[in-house]
Amino acid sequence: MDNFLYHIPTKIHFGRGKVSELPGEVQVYGKRVLLVYGGGSIKKIGLYDSITKLFADAGIEWYELGGVDPNPRVESVREGVRLCREHGIDVVVPAGGGSAIDCAKAVAACASYEGDAWDMVSGKVKVEEVLPVIAVLTVAATGSEMDTSAVISNPETRDKIGFSNAAMRPKVSIMDPEYTYSVSKYQTAAGTADIISHVLEVYFNNNPGAYLQNRFCEAVLKTAVAYGHRAYRDPEDYEARANLMWAGSWAINGLLSKGNPVGWSAHSMEHELSAFYDITHGAGLAVLIPHWLRHMMREENLYNYVEYGVEIWGIDPSLDPHEIAEKAIRATEAYFKEMDLPSTLKELGIDEEYFDEMAEKAGAGLKKAFIPMEKEDVLAIFKAAL
């Protein structure tokens with residue numbers, strides 16, 4: 001195993017009614033809050049009213065950044081930064097899924113920078129001071145409630161970029177599975193695909209010595225596969241929603257990659273699809289993952305595929321390793337199809353028009369992937385996924 005540092009300072013309040021802890025956690029850091037949310041779902045489920053009443057009762061001042069897009073845009077970050085400066089914001093509180101939380105993290109990171117927010121998102125300027133972020137999660141998917149990254153889109157340049165800093169990890173996250181009851185079947189399925197893909201990006205690695213890490217990966221994968229399907233069938237199954245929510249956090253909070261760091265490639269490819277076509281992130285991943293797995297398979301890493309097939313999909317270990325690998329990939333495809341996720345890029349309205357440009361952008365950053373990739377590899381996967 002490689003050397004590593006592991007430290008997760010995020011405090012988690014998990015379970016029914018835990019939003020009541022929000023005012024006390026906010027007051028640790030200040031009394032002026034920027035409340036960040038998306039298209040209004042938190043109002044439909046009553047969460048907005050609950051939060052604002054808690055703030056009012058505690059004497060906390062709040063200002064709002066609403067309307068954050070599913071693929072959060074730099075325009076929202078810029079507006080959030082403006083509000084932070086205008087009102088002397090102490091704490092940024094996103095309420096929603098990964099998009100609201102990512103936008104809030106970016107706002108918190110950029111608030112002290114005098115230049116344009118995109119400078120920091122794009123890596124031109126380093127993150128220095130970050131306002132504290134306290135998240136209230138309503139969607140199990142991205143794991144942003146417990147990780148250090150934010151992914152922001154710039155429609156003008158057709159870029160979707162992730163940036164990261166340890167200080168961007170939320171100080172506190174409140175996770176009540178009941179807030180995910182209203183998440184649609186499609187978004188539940190897409191969120192599950194996102195969780196699964198986070199783990200697969202790490203599970204398929206070049207370090208057979210990181211034995212325990214792969215067992216952790218298998219535990220999270222089994223949980224996501226089993227409880228994602230249950231939550232899809234019965235949206236108000238608390239046990240399913242709770243397990244899926246918790247799996248989403250552990251899929252990407254850093255534990256699984258410790259000792260066996262790898263470069264993420266499927267996500268880099270999907271970010272290009274989202275940047276150009278503004279599609280649902282998890283849906284794009286559901287299309288790409290099987291083709292990515294096939295493209296990455298080599299004799300020297302076949303054992304990864306065998307472990308995946310046997311441990312996650314229950315495939316007979318006595319079969320030929322190549323047969324196990326193919327059955328595992330087919331099982332992955334079938335699982336996504338059972339939850340009515342797309343299996344081709346055409347179903348997402350994507351054709352070959354921008355393949356060359358997208359492959360160029362994605363391939364430029366994949367030299368340290370599980371299997372080092374070039375533009376041609378990305379193109380091959382895109383074409384196979386059509």
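Which residues of H13 are buried? The points below begin with that question; the model is a predicted one.

1. Buried side of H13. The buried residues are Ile 324, Ala 325, Ala 328, Ile 329, Thr 332, Tyr 335 and Phe 336. Viewed down the axis of H13, these buried residues fall within an arc of 135°, so they line one face of the helix. In general, an α-helix has 3.6 residues a turn, so residues three or four places apart point the same way.

2. On the face turned away from the buried side, H13 carries the exposed residues Arg 330 and Lys 337.

3. Length of H13. Helix H13 comprises 18 residues (residues 321-338), which at 1.5 Å a residue should span 26 Å. Its end C-alpha atoms lie 25 Å apart, in agreement with that expectation.

4. Ends of H13. At the start of the helix, a side-chain oxygen of Asp 320 comes to within 2.9 Å of the backbone nitrogen of His 322. Just after H13, Asp 340 adopts a positive phi of about 60°.

5. His 281. His 281 counts as buried because its relative accessible area is 16%, against a cut-off of under 20%. Its side chain is joined to that of Asp 194 by a polar contact of 3.4 Å. Leaving aside residues up to four places away in sequence, His 281 touches Lys 160, Asp 194, His 267, Glu 270, His 271 and Ser 274.

Terms used
Residues are numbered from 1 along each chain as its sequence is written. This is a predicted model: local features need pLDDT of at least 70, side-chain atom pairs count only at pLDDT 80 or more; totals for chains, interfaces and linings use all residues. Side-chain values use heavy atoms; hydrogens and water are left out. Helices (H or I, at least four residues) and strands (E, at least two) are DSSP runs, numbered from the N terminus. The expected span of a helix is 1.5 Å times one less than its number of residues. Buried means under 20% relative accessible area, exposed over 50%, partly exposed in between (1.4 Å probe, protein chains only). The arc is that of the directions from the helix axis to the C-beta atoms. A polar contact is a pair of N or O atoms within 3.5 Å; within protein, one must be able to donate a hydrogen and the other to accept it, and residues adjacent in sequence count only if both atoms are side-chain atoms. Contact means heavy atoms within 4.5 Å.
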